[in-house]
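Q: I have this structure open and want to go through a few parts of it. Can you take my questions as they come?

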Amino acid sequence: MRRRGPGLRLRITLLTTALVAVVSAVLLFLGWTLVGRVFDSSPSFPSGSQVTVDGVTVDVAVLTDALTAAARKDLLHAGLVAFACMVLAAAVLAWTFTGRVLKPLHDVTGAARRLSAESLGSRLRLEGPRDEVAELADTFDAMLDRLEAAFDSQRRFVANASHELRTPLSVVRTELDVTLSDPDADVEELRRMAGVVRAAGERAEQLVSALLLLARTDGVGLAVREPVDLSAVVESAWKAVRAEAEARDLRSVFRCAPALAVGDPALLERIAGNLLENAVRHNHVGGWIETAVETGPQWSVLRVSSSGQRIPPDRVEELFEPFRRGGKDRTSQSGTGLGLSIVRAAVAAHGGFAQAVAVPTGGLSVTVHLPSAPR
């Protein structure tokens with residue numbers, strides 16, 4: 001463990017005391033020098049002049065030297081006493097006032113020491129003048145606000161993820177228990193059980209992959225930044241869901257102009273892929289999908305709208321939270337409930353933002369704004 005030096009309060013006290021001591025010493029030296037100059041500048045008498053003091057005749061030069069030495073001695077004695085009092089008073093006052101000034105810092109330190117995942121609700125809320133210490137306390141309170149929000153979000157996320165993963169694992173265990181407990185199980189029954197277990201494993205794999213992608217994009221900077229054409233990204237993502245859209249007889253309309261955005265090509269394709277997958281899988285049979293790509297001086301815009309179940313406008317924002325669904329029809333059996341969460345996290349990692357509005361006739365329209373590449 002590295003050895004620490006004296007505390008801030010002691011250092012400030014020592015520094016203040018040293019400064020007062022130096023200034024007092026300089027003033028004492030100046031006073032001692034000025035006394036000598038005063039006597040040196042007194043009216044001069046002819047050489048050999050004598051004066052009588054208390055009935056004793058002495059030479060004027062000897063008397064002047066004696067008075068100068070006595071004055072300097074008295075000044076030195078009084079000055080040393082004043083010097084000691086000044087230094088002591090400076091030390092006491094510096095220690096006292098420094099303690100009062102640094103008390104908010106001790107409060108911040110104490111709050112940091114008491115800080116834990118269970119006590120993130122405590123705040124300093126420092127009152128008084130708006131100085132540097134108050135600014136530090138306000139910054140600490142703001143940091144605690146962010147930490148509390150992050151911890152709450154993580155708690156909800158872990159709870160939801162645990163609940164979602166429990167379902168496929170429970171299916172696997174149930175199928176295995178039922179099949180293994182049947183002594184007359186034939187090859188057909190074993191194949192059926194293997195199919196159910198495989199489907200449950202695939203769903204768990206999809207969920208884990210989505211969780212990893214969300215962890216990769218949520219609050220993490222991009223490893224790759226390069227100009228990417230959003231219209232090409234949409235075209236590539238549509239190829240993956242086109243067959244499913246045709247199977248559901250969905251009418252698709254694309255209005256995609258060339259639009260360059262700055263970012264990670266893989267993540268941008270995942271954004272477009274998630275939006276199009278949601279538009280296909282959470283749609284009605286015979287519904288519609290409209291995709292538009294626009295460019296501007298600051299933002300490149302990707303908008304995916306689709307028909308589907310009616311969603312209350314006040315619940316649209318919930319769809320961006322992990323494992324939140326607008327209704328039973330909003331997430332198919334193959335979905336993970338993380339699509340829009342991944343979209344928002346990936347867009348935020350690019351420095352953009354995502355918005356969604358409910359379509360009045362039923363469905364959802366999601367708009368993504370991404371920073372445009374310099375022309």
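Q: Let's start with Thr-291. Which residues does it touch, leaving out those up to four places away in sequence?
A: This is a predicted model. In it, Thr-291 touches Val-234, Val-253, Phe-254, Arg-255, Cys-256, Leu-276, Leu-302, Arg-303 and Val-304.

Q: Is Thr-291 buried or exposed?
A: Thr-291 is buried, because its relative accessible area is 2% and the cut-off for buried is under 20%.

Q: Which strand is Thr-291 in?
A: Thr-291 sits in strand 6, which covers residues 288–295.

Q: What is the strand order in the five-stranded sheet?
A: The order is 4-6-7-9-8, in an open sheet with mixed pairing. Strand 4 (251–256) and strand 8 (353–358) are the edge strands, each pairing on one side only.

Q: And by how much are neighbouring strands turned against each other?
A: On average, neighbours in this sheet are turned by 10°, with direction ignored.

Q: How many bridges join strand 7 to strand 9?
A: Eight bridges join strand 7 (residues 299–306) to strand 9 (residues 364–371), and the two run antiparallel.

Q: Which residue in strand 9 is the bridge partner of Val-301?
A: His-369 is the partner of Val-301 there.

Q: What about helix 7, which strands does it lie across?
A: Helix 7 (residues 339–349) lies across strand 8 and strand 9, and its angle to strand 9 is about 20°.

Q: Changing topic to cysteines. How many disulfides are found in the whole structure?
A: Zero disulfides turn up in a search of the whole structure.

Q: Back to Cys-256, then, one of the contacts of Thr-291. How accessible is Cys-256?
A: Cys-256 counts as partly exposed because its relative accessibility is 30%, and that class lies between the 20% and 50% cut-offs.

Q: And Cys-85?
A: Cys-85 has a relative accessible area of 49%, so it is partly exposed. The cut-off for exposed is over 50%.

Q: Which lining residues are closest to its centre?
A: Of the 10 residues lining the largest cavity, Leu-275, Asn-278, Ala-279, Ser-306 and Val-366 are closest to the centre.

Q: Which elements give two or more residues to that lining?
A: Those are helix 6 (265–281), strand 7 and strand 9. Strand 7 and strand 9 are also the antiparallel pair with eight bridges.

Terms used:
Residues are numbered from 1 along each chain as its sequence is written. This is a predicted model: local features need pLDDT of at least 70, side-chain atom pairs count only at pLDDT 80 or more; totals for chains, interfaces and linings use all residues. Side-chain values use heavy atoms; hydrogens and water are left out. Helices (H or I, at least four residues) and strands (E, at least two) are DSSP runs, numbered from the N terminus. Buried means under 20% relative accessible area, exposed over 50%, partly exposed in between (1.4 Å probe, protein chains only). Contact means heavy atoms within 4.5 Å. Two strands pair if DSSP finds at least two bridges between them. Axes are lines fitted to C-alpha atoms, for helices over the stretch in contact, and angles run from 0 to 180 degrees between N-to-C directions. A disulfide is a pair of cysteine sulfur atoms within 2.5 Å. On a 1 Å grid over the protein atoms alone, a cavity is a set of points where a 1.4 Å probe fits but cannot get out, and a pocket is an open set with protein on both sides within 12 Å along at least five of seven lines; lining residues have an atom within 4 Å of a point.
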